[in-house]
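Let's walk through this one together, one piece at a time. Have the viewer open and follow along.

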Amino acid sequence: MNKQAKLLIIDDSDVIVEMLYQFLKSKNYDLVSASNGLDGIKLFNADAEGFDLVITDIVMPNISGVGVISILKNKRPNLPIIAITGFGEHPESLAAEAHADVVLEKPIDLNILNQHISDLVRKNSTYQSEVK
Amino acid sequence: MHTPLIGVSPEIVKIRELIDHVADTGLNIVITGETGVGKEVVSRVLYQQSPRNNKPFIKVNCAALPDGLLESELYGYEQGAFTGAEKKKKGKFELAHKGVLFLDEIGDMSLPLQAKLLHVLQSGEFAPLGSEREIKADTWVIAATNHDLAEKISDKTFRADLYYRLNIIKIYIPPLRERPEDILELVNYYTEDFITQFSNKNIKKLDNKTIDAFLSYHWPGNVRQLQNTLKRILILGNGKEIIEELIRGESDFPSSSKSNIIKSTNRAASTINTSYNFDEEVTDLSNFSLKEIRKKALDKIEKDAIQFILSKTNWNRSKASKILQISYKTLLYKITELNIEQPSSVINE
């Protein structure tokens with residue numbers, strides 16, 4: 001890959017955002033973060049084609065992660081999205097129904113997360129270049 | 001009729017922005033906030049801004065109907081489904097097909113009906129009472145409640161799975177006292193509205209003194225109370241006493257202590273002992289009627305609650321009556337009737 005992959009992180013917990021930010025920065029990703037669903041969608045819309053992947057929490061103020069996934073997938077059906085949840089099975093199954101590509105339960109193993117990110121980004125860039 | 005969402009506060013601006021982003025999604029929404037803040041207004045704005053605005057908007061108040069009736073209202077029934085079902089009736093879910101079903105007071109829905117609602121939301125299908133045929137409905141569900149649903153989940157009176165399914169989008173409308181900058185906007189809007197509605201009456205706008213009273217009042221009944229108060233002043237013309245009431249109410253209720261009292265009151269309300277000790281209270285079995293017990297138990301709870309609030313307000317009866325949401329006169333009557341005595345340690349108002 002020539003350019004850094006651009007990721008959007010949406011989570012209402014500063015601690016989680018900071019942790020993901022530090023870790024993914026060290027893996028050389030270009031990062032943008034938001035603390036709720038609405039801000040996440042606004043940031044996404046500001047560069048809709050520019051993002052390679054979105055990581056979103058599920059239980060959040062205003063637009064939940066499930067809402068974020070539905071709205072973003074509606075705009076860009078092939079956009080890879082990883083959902084992170086800490087709240088039992090209900091939101092998880094909803095995240096899957098909303099077509100999150102991967103659903104991870106907290107506490108997350110950062111290396112596994114990183115593996116998913118690289119797989120999804122690689123798969124999607126191959127798909128994009130095939131489409132082109 | 002177009003129902004706008006009035007306000008200039010950052011909270012209302014944010015809600016408008018949120019509506020702009022979600023009105024075309026058809027995702028389930030829960031609108032929360034105290035009574036009178038405008039939950040139905042928000043639901044109607046969502047509907048008006050959605051591609052469904054040329055289809056029906058149907059409202060059902062889940063607290064207003066007993067269980068069986070609510071079920072038949074929502075899902076309809078076949079002829080002969082139960083005694084009195086003389087002909088087939090379509091339910092609100094079916095009537096709201098392609099449109100919006102606004103479920104007000106969702107927090108008051110019983111657990112069995114919650115289970116049925118969850119099934120409909122999961123499958124998009126339901127069967128009218130007395131029918132085996134499942135009907136598909138493409139209905140956008142917007143629910144509203146003044147309850148804390150998360151709390152109801154821990155009390156086991158609301159299903160967590162239904163909560164998550166409904167709560168895809170959350171819209172919280174703060175009470176009016178937390179966004180006083182909206183008061184003037186609301187006054188102007190409703191004044192204009194009344195001028196149009198009651199064109200035969202020469203409606204004069206509020207004078208500055210009244211506007212000041214409006215701005216400093218804490219509006220426990222929120223926008224609905226403001227609208228009613230304004231109507232009473234502008235149209236019914238009994239303005240003077242209302243304004244005095246507002247001014248008096250506010251001076252008795254300083255804003256610094258207001259929120260603290262409300263917080264501690266809410267906490268206390270749940271801790272007041274509602275149990276009834278039969279051994280202690282019932283000495284004569286010849287008087288053991290349920291009616292009598294009920295009265296005694298209610299009196300006891302009322303007495304505890306009033307005593308508690310009076311102690312919190314340092315026996316300021318006017319403040320206490322506001323918190324208890326009863327008139328000053330009723331409070332004085334209750335104090336006498338329930339034999340509530342002022343402790344000697346309390347300095348008089």
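Start with two helices of chain B in this predicted model: α14(B), residues 290-312, packs on α15(B), residues 317-324, at an angle of about 130°, and their axes are 9 Å apart. Angles over 145 degrees would count as roughly antiparallel and 65 to 115 as roughly perpendicular, so α14(B) and α15(B) end up oblique to each other. The crossing is right-handed. On the α14(B) side, the contact is made by Ile306(B), Ile309(B) and Leu310(B), and α15(B) brings Ala320(B), Ile323(B) and Leu324(B). Sort the residues of that contact by class and you get 6 nonpolar, with no polar and no charged ones.

Now move to helix α2 of chain B, residues 39-49. Which of its residues are buried? They are Lys39(B), Val42(B), Ser43(B), Arg44(B), Val45(B), Leu46(B) and Tyr47(B). As for what covers the buried residues of α2(B), the list includes the helix α1 (10-22) and the strands β1 (29-32), β2 (57-61), β5 (100-104), β8 (140-145) and β9 (169-172), which belong to chain B as well.

Finally, look at where the chains meet. The contact takes 13 residues from chain A and 14 from chain B. On the chain A side, α2 (37-46), α3 (65-75) and α4 (89-97) each supply at least two residues. The largest share of that side, 4 residues, comes from α3(A). By class, the side of chain A that touches chain B has 8 nonpolar and 5 polar residues, and no charged ones.

Conventions: Residues are numbered from 1 along each chain as its sequence is written. Chains are lettered from A and ligands numbered from 1 in the order in which they are written. This is a predicted model: local features need pLDDT of at least 70, side-chain atom pairs count only at pLDDT 80 or more; totals for chains, interfaces and linings use all residues. A residue is buried if 20 or more other C-beta atoms lie within 10 Å of its own, exposed if 12 or fewer, and partly exposed in between; C-beta atoms are placed from the backbone. Two residues are in contact if their C-beta atoms, placed from the backbone, lie within 7 Å. Ala, Val, Leu, Ile, Met, Phe, Trp, Tyr, Cys and Pro count as nonpolar, Asp, Glu, Lys and Arg as charged, and the others, Gly among them, as polar. Axes are lines fitted to C-alpha atoms, for helices over the stretch in contact, and angles run from 0 to 180 degrees between N-to-C directions. Angles under 35 degrees count as roughly parallel, over 145 as roughly antiparallel, 65 to 115 as roughly perpendicular and the rest as oblique. A crossing is left-handed if the near helix is turned anticlockwise from the far one by less than a right angle, and right-handed if clockwise.
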